[in-house]
Every structure is written in C-alpha cells, then in structure tokens.
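Work through the exercises below with the sequence and the 3D structure in view. Try each task before reading its solution.

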Amino acid sequence: MSSVIDFTSEVFAFIETTYGKGCLRSVKAKKNQETVDRILEDSKSKEYSTDRTANKIVAMLRLNPWKRKNIRN
C-alpha cells in the first residue's frame, strides 16, 4: 500500500514541478478525482514511470498548462 502512496506522491510532485501549482490544483479537483484514480491505478499496474503517468493525467484531463502559464506573463 505504501508503494501506491509513494507512486502517487511522486506523480503529483512531478506535475507540480513541471507544470506548476495551478495545474496540480486542477488535477486534484474533485471533478477529476475518478479519472485521476483510474489512471494512477492503471499506470501502477503497468509499471509506468512517474513522468509518463503525470503527462498522461494532464493529457487525459485535457489541461493545457503552457497556455495558462503564458497568460500570466
């Protein structure tokens, strides 16, 4: 069980460092919880890397962190 928690934490940490806190908040939003849980479970069972899983989550939720980042600048 702790390996699942570690994997999830690493995925969220990758999203935060790569895409920022705003994207991480969107990923953790209640409306996305079911989709994120399903992707995490599938990726863990297939032994995907944390960066592949993080990028898959961002893509599946159709988030565009780069567009948001450019709006602020």
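**Exercise 1.** Find the helix that holds T18 and decide whether T18 is buried, partly exposed or exposed.

*Solution.* Step 1: T18 is found in helix α1; helices are DSSP runs of H or I with at least four residues, strands are runs of E with at least two, and both are numbered from the N terminus. Step 2: recall the classes: buried is under 20% relative accessible area, exposed is over 50%, and partly exposed lies in between, with a 1.4 Å probe and protein chains only. Step 3: T18 has 26% relative accessibility, so T18 counts as partly exposed. Step 4: look also at D51, which is 33 residues from T18 in sequence but 9.5 Å from T18 in space, C-alpha to C-alpha.

A note on the model: it is predicted, so local features need pLDDT of at least 70 and side-chain atom pairs count only at pLDDT 80 or more, while totals for chains, interfaces and linings use all residues. Residues are numbered from 1 along each chain as its sequence is written, and side-chain values use heavy atoms, with hydrogens and water left out.

**Exercise 2.** Which residues of α3 are buried, and what do they pack against?

*Solution.* Step 1: the buried residues of α3 are V36, I39, L40 and S43. Step 2: these residues cover an arc of only 100° around the axis, so they sit on the same side of α3; the arc is taken from the directions from the helix axis to the C-beta atoms. Step 3: on the face of α3 turned away from the buried side are the exposed residues E34, E41 and S45. Step 4: the buried residues pack against α1 (2–19), α2 (21–28) and α4 (50–60), where contact means heavy atoms within 4.5 Å.

**Exercise 3.** How many salt bridges does the structure hold, and which residues form them?

*Solution.* Step 1: a salt bridge needs a side-chain nitrogen of Lys or Arg within 4 Å of a carboxyl oxygen of Asp or Glu. Step 2: the structure holds two. Step 3: K46 pairs with D42, with the closest N and O atoms 3.5 Å apart. Step 4: K56 also pairs with D42, at 3.4 Å between the closest N and O atoms. This second pair links distant parts of the chain, since K56 is in helix α4 and D42 is in helix α3, 14 residues apart. Step 5: D42, K46 and K56 are therefore linked in a network of salt bridges. Step 6: K46 is partly exposed because its relative accessibility is 46%, and D42, at 25%, is partly exposed too.

**Exercise 4.** Where does E47 lie, and is E47 buried or exposed?

*Solution.* Step 1: E47 lies in the loop between α3 and α4. Step 2: its relative accessible area is 72%, so E47 is exposed. Step 3: phi of E47 is near 60°, a positive value in a residue other than glycine.
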